[in-house]
Amino acid sequence: MTTTTIEVQERAPSAAFGRRKVSPRACIIDSKPHLRAFLADTLEELRFVTGECGDVEELSSRIVEQQPDVLVIGSSIGGVEAARIIDVACNAGFCGSVILISARETIALRAILHHGLERGLTMLPPLSTPFSAQMLRECIAPLLPQEPAPKPEVDVAEALKTGWLELWYQRKLDARSLTPCGAEALVRMRHPSWGVVVPAAFLPDQNDPHFRALSEFVVARAISDWRYLLDHHGPVDLSINLPAKFLLDAQAVEDLCAWMPRHPAFGGLIVEIESQEVAQHLDGMIEIAQRLRLHNIAIAVDKVGAEWPELMRLDAFPFVELKVDRSFVTGCADDRLKRSVCKRIVDLAADYGARCTATGIESRSDYIAAHEIGFDLVQGYLFGKPMGLKKFARAAATRPLGTLE
C-alpha cells in the first residue's frame, strides 16, 4: 500500500497573538493523568500557561475558560474521538494550532491531520512516542512570542492573596557519589497571563511592607511541601532562602522555631542567607545561628565569593554550610584564579567542620573540577533544573545518577 505524505500546515503566530505579549496557552487533552502531568510540566518550563482536559465532554467549557492557543491531543485519544475533539473545539470558537501525539504514523493520524486542515486549524508536526522534552520544544517553537515577556506589574500582596506563588525545588547531590542530599526551594510566581515567572521579576526589596509576609509564605510552604514529599516519596532535607532582616526580627525567629515539624523523620531545615548580608550582620547572625540549631534549624552562607576572608578567624562558626557563588564555580575547570578561590573556600569550610557546596554546575568539566577541589555537594543544571513540587517528587524516586567522571 502506498502512502501519501501530508503537508503539515505551519504558520507563524497571528498578529493578534503577537500583540498580546503574554505567554501562550495550551490545553492538554488525554485520558491518562500522568501523561497530562508530563506534558504540563514540560510546557510550563517553556513559559506556557497550561490547562488540562480529561475527555471531549469537558472541552467546550475549557475552550471558553482557558482560550488556548494550542490543543495537545495525547496518544491515548483514538481517531474518532480526536476528530470529534477538533469539531467540538472549532464549534466552541477555537481557531489555533493542534499537536497530535501518536505511537506511529497511521491512516487514522493522517485523516485527523486532513480533518483539522479542513476546519481551518494550524496542524503542527505530530509527535511520535517516545519523544523528548527537546522534541516538544522544537514542535511548539512557532507558538512562542517573538518579543520577551514584559516584567510583571504585580506586587507581592496581590500574588500572595491570589495564590500565584509556589516553591520549586532543585536537587543537591553528594559530589562523590552523586546521590541526592536534599533540595533547595526557590520561589516562583505562576501568573495567569505570563506563566511561570522567575523571582528577579517580582521579588520586593527589604522596605516593601509585605516583605515579611513573603518570607513567612516561603517557610510555611516549605514545611507543607516537606510533608507532601514525606507521604509521596520519603523525607527530603530542604533548604530555603530568607533575608537576614527576617532573622534579625526576634518575633520572626520565635515564629520560625514554632513552625518546625515535630515528626521523627524531620531532619531539620536549612536557611540560606547571602554572604554579603551575613558579613554585614556577622555578630547577630552568629548569635541567631547558635540559637536556631537547638530548634533543628541551621544557617548556610549562600553566594560566598570575594568576601570569604571576612569569615576567617571567627571564634564561633555555627554555620552548617558554605555555598560558593556560581560566578566562581562556572568555568573553574579552565580558570586558575577561580579554582584557587574555590579551593580556599572549601578549605575554610573544612577547618570549621562545615560542608561546602558548588552551585551553578552546568558542564561535565566543571563538575570534575569541583570533585577534584573537594566540594562536598554539587548543584546545578547539569543535574537537573528547578521543578514544581509534584514533578520533583516523581524525579526524587529515580535512581542515583552514577558517576560523570
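What do the buried residues of helix 5 pack against? In this predicted model, they pack against helix 4 (79-91), strand 4 (97-102) and strand 5 (122-123).

**View 1. Helix 5 and its buried side.** Leu109, Arg110, Ile112, Leu113 and Gly116 are buried in helix 5. Looking down the axis of helix 5, these buried residues fall within an arc of 160 degrees, so they line one face of the helix. An α-helix has 3.6 residues a turn, so residues three or four places apart point the same way. The face turned away from the buried side carries the exposed residues Ile107 and Glu118. Helix 5 covers residues 107-118, and its 12 residues at 1.5 Å a residue should span 16 Å; the end C-alpha atoms lie 17 Å apart, which agrees. After helix 5 comes Gly120, with a positive phi near 85 degrees.

**View 2. Strand 13 between its partners.** Strand 13 (residues 321-324) points Glu321 and Lys323 one way and Leu322 and Val324 the other, and all are buried. In a regular strand the side chains alternate between the two faces of the sheet. Strand 13 pairs in the parallel sense with strand 12 (residues 297-304) over 3 bridges, and Leu322 is the bridge partner of Val301. Strand 13 also pairs in the parallel sense with strand 14 (residues 355-358), over 4 bridges. Here Val324 stands opposite Ala358.

View 3. Lys323 and Glu184 meet through their side chains in a salt bridge, 3.0 Å from N to O. This pair links distant parts of the chain, with Lys323 in strand 13 and Glu184 in strand 8 (residues 180-191), 139 residues apart. Lys323 counts as buried because its relative accessibility is 1%, and Glu184 counts as buried at 7%. A second salt bridge joins the side chains of Arg355 and Glu321 (3.3 Å, N to O). Arg355 is in strand 14 and Glu321 in strand 13, 34 residues apart. Is each of these two residues buried or partly exposed? Arg355 counts as partly exposed at 26% relative accessibility, whereas Glu321 counts as buried at 0%.

**View 4. A network of salt bridges.** Arg212, Glu216, Asp249 and Asp255 are linked in a network of salt bridges. Within it, the closest N and O atoms of Arg212 and Asp249 are 3.1 Å apart.

**View 5. A buried charge without a salt bridge.** Glu307 is found in the loop between strand 12 and strand 13. Glu307 is buried yet has no salt bridge, and the nearest side chain of opposite charge, Lys303, is 10 Å away. Leaving aside neighbours within four places in sequence, Glu307 is in contact with Ser275 and Gln276.

Key:
Residues are numbered from 1 along each chain as its sequence is written. This is a predicted model: local features need pLDDT of at least 70, side-chain atom pairs count only at pLDDT 80 or more; totals for chains, interfaces and linings use all residues. Side-chain values use heavy atoms; hydrogens and water are left out. Buried means under 20% relative accessible area, exposed over 50%, partly exposed in between (1.4 Å probe, protein chains only). Helices (H or I, at least four residues) and strands (E, at least two) are DSSP runs, numbered from the N terminus. Two strands pair if DSSP finds at least two bridges between them. The expected span of a helix is 1.5 Å times one less than its number of residues. The arc is that of the directions from the helix axis to the C-beta atoms. Contact means heavy atoms within 4.5 Å. Lys and Arg count as positive and Asp and Glu as negative; His and the chain ends are not counted. A salt bridge is a side-chain nitrogen of Lys or Arg within 4 Å of a carboxyl oxygen of Asp or Glu.
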